[in-house]
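I'm opening my notebook on this one and writing down what I look up as I go.

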Amino acid sequence: MRIDIISIFPEFFGVLDISLLGRARQAGLIDLAVHNLRDFTHDRHNTVDDTPYGGGAGMVMKPEPWGEALDSILPATDETDAGTPERATGPVLIFPSPAGEQFTQAMARELAREPHLVFGCGRYEGIDQRVVDHFAGRGRVRLVSLGDYVLNGGEVAVMAMIEAIGRLIPGVVGNPESLVEESHEDGLLEYPSYTKPASWRGLDVPPVLLSGNHGAIAAWRRQQQIDRTRAVRPDLLPAEDDADLQPPANSK
Ligand code: SAM
């Protein structure tokens, strides 16, 4: 997968050199480039923001540097191409925004199948709306929110998205089975995990996990998932009763 990031703080993304994603980059599974938005300015102060039309607090990111930066990354398109199949297969351009659609595991899975993602990190009060409107006319644009809170900039949101998407790219996580039984993969939160020792500071591992009975372990884990989800994220549970939330048939 190719990933381009545009930011006024490219140094934020240095951590993508380490851990699983760093190894994925070295292995050629992820080809990642970070672009400094200020490289696309033409004044002495490398200005990327200005006051908002209509008044109000804060500054807004100017459209010109964004236009030049994105033009340098996105394939040139004839404006008359809008709606053609080629356009539908071009890069996905993602602007993190608290006013966007909510980022989810399902979206991460969908984006992990894309060959090319471009992220535009906003700062200040955000980016001039015409940047979004212009590029929406040239390709696939999504405004994506990490959650219902406001960050100082898009960098942390992009890091979280890239980590969630990146680990779903085949080959990035060594054991693909570890991706299957995770929170949000089957609509529920994951069950609690334990490792050795069996007893620690007076707390024992639940005996069922030491029983060697795989059916009983699967049933216990499923019940833990349901109980946990009901306790902290009841919004994730289906409206029906627990009949739909039984241990999987192959757990017997
Ligand atoms: N004035 C904007 C609003 O109220 O919607 C918030 C701007 S915020 C201070 C600056 C930048 O941080 C945004 O342009 C966006 O890139 C990023 N950002 C802030 N909160 C975010 C969130 N919850 N999800 C994704 N990106 C976020």
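This is a predicted model: local features need pLDDT of at least 70, side-chain atom pairs count only at pLDDT 80 or more; totals for chains, interfaces and linings use all residues.

**Entry 1: a loop residue to begin with**

I picked Val15 and found it in the loop between β1 and α1. Is Val15 buried or exposed? I counted 12 other C-beta atoms within 10 Å, and a residue with 12 or fewer is called exposed, so Val15 is exposed. Then I looked along the chain: Val15 and Met159 are 144 residues apart, yet their C-alpha atoms are separated by 9.1 Å. I noted that Met159 is one of the buried residues of α6.

**Entry 2: what sort of model is this?**

The mean pLDDT of the chain is 91, and 90% of the residues reach 70 or more. For the complex, the predictor gives an ipTM of 0.99 and a pTM of 0.90.

**Entry 3: the whole chain**

I went through the chain and got seven helices and nine strands. It has 252 residues, and 23% of them count as buried. How many of the contacts join residues at least 24 apart? Taking contacts between residues at least 6 apart in sequence, I get 74%.

The chain is divided into domain 1, residues 2-176, and domain 2, residues 182-236. I checked the C-alpha centres of domain 1 and domain 2, and they lie 36 Å apart.

**Entry 4: around the ligand**

Next I looked at the ligand. It is surrounded by 19 residues, and the closest are Pro96, Gly122, Leu151, Gly154 and Ala157. Which elements give two or more residues to this shell? They are β5 (92-102) and α6 (154-166). β5 gives the most, with four residues. I also sorted the shell by type and got nine nonpolar, eight polar and two charged residues.

**Entry 5: helix α6**

α6 has 13 residues and reaches 17 Å from its first C-alpha to its last, close to the 18 Å expected at 1.5 Å a residue. Its buried residues are Gly154, Glu155, Ala157, Val158, Met159, Met161, Ile162, Ile165 and Gly166. Two of these, Gly154 and Ala157, were in my list of residues closest to the ligand.

What covers the buried residues of α6? The cover includes the strands β1 (2-7), β5, β6 (116-120) and β7 (140-145), along with the helices α1 (19-26) and α4 (105-112).

A reminder to myself: an α-helix has 3.6 residues a turn, so residues three or four places apart point the same way.

**Entry 6: the loop between β2 and β3**

I looked up two residues here. Leu37 sits in the loop between β2 and β3. Leu37 counts as buried because it has 24 C-beta neighbours inside 10 Å. Leaving aside neighbours within four places in sequence, Leu37 is in contact with Ile6, Ser7, Ile8, Val48, Pro65 and Ala69. Leu37 and Thr47 are 10 residues apart in sequence, and their C-alpha atoms are 9.6 Å apart.

Asn46 is in the loop between β2 (31-36) and β3 (49-50) too. With 14 C-beta neighbours inside 10 Å, Asn46 counts as partly exposed.

Most residues other than glycine have a negative phi, and most peptide bonds are trans. I went looking for exceptions.

- Asn46 has a positive phi, near 50 degrees, and is not a glycine.
- Arg201 isn't a glycine either, and has a positive phi of about 50 degrees.
- The peptide bond from Lys196 to Pro197 is cis, with omega near 5 degrees.

Where are they? Arg201 lies in the loop between β8 and β9 (203-204). Arg201 is exposed, with 5 other C-beta atoms within 10 Å. Pro197 is found in the loop between α6 and β8 (199-200).

**Entry 7: after the helix α7**

My last stop was Leu237, in the segment after α7 (214-232). Which residues is Leu237 in contact with, leaving aside neighbours within four places in sequence? They are Thr229 and Arg230. Ile226 is 11 residues from Leu237 in sequence and 8.2 Å away in space, C-alpha to C-alpha. Leu237 counts as partly exposed, with 16 C-beta neighbours inside 10 Å.

Key: Residues are numbered from 1 along each chain as its sequence is written. A residue is near a molecule or strand if its C-beta atom, placed from the backbone, lies within 6 Å of it. Ala, Val, Leu, Ile, Met, Phe, Trp, Tyr, Cys and Pro count as nonpolar, Asp, Glu, Lys and Arg as charged, and the others, Gly among them, as polar. A residue is buried if 20 or more other C-beta atoms lie within 10 Å of its own, exposed if 12 or fewer, and partly exposed in between; C-beta atoms are placed from the backbone. Two residues are in contact if their C-beta atoms, placed from the backbone, lie within 7 Å. The expected span of a helix is 1.5 Å times one less than its number of residues. Domain bounds come from an automatic or database domain assignment. pLDDT is the predictor's confidence in each residue, from 0 to 100.
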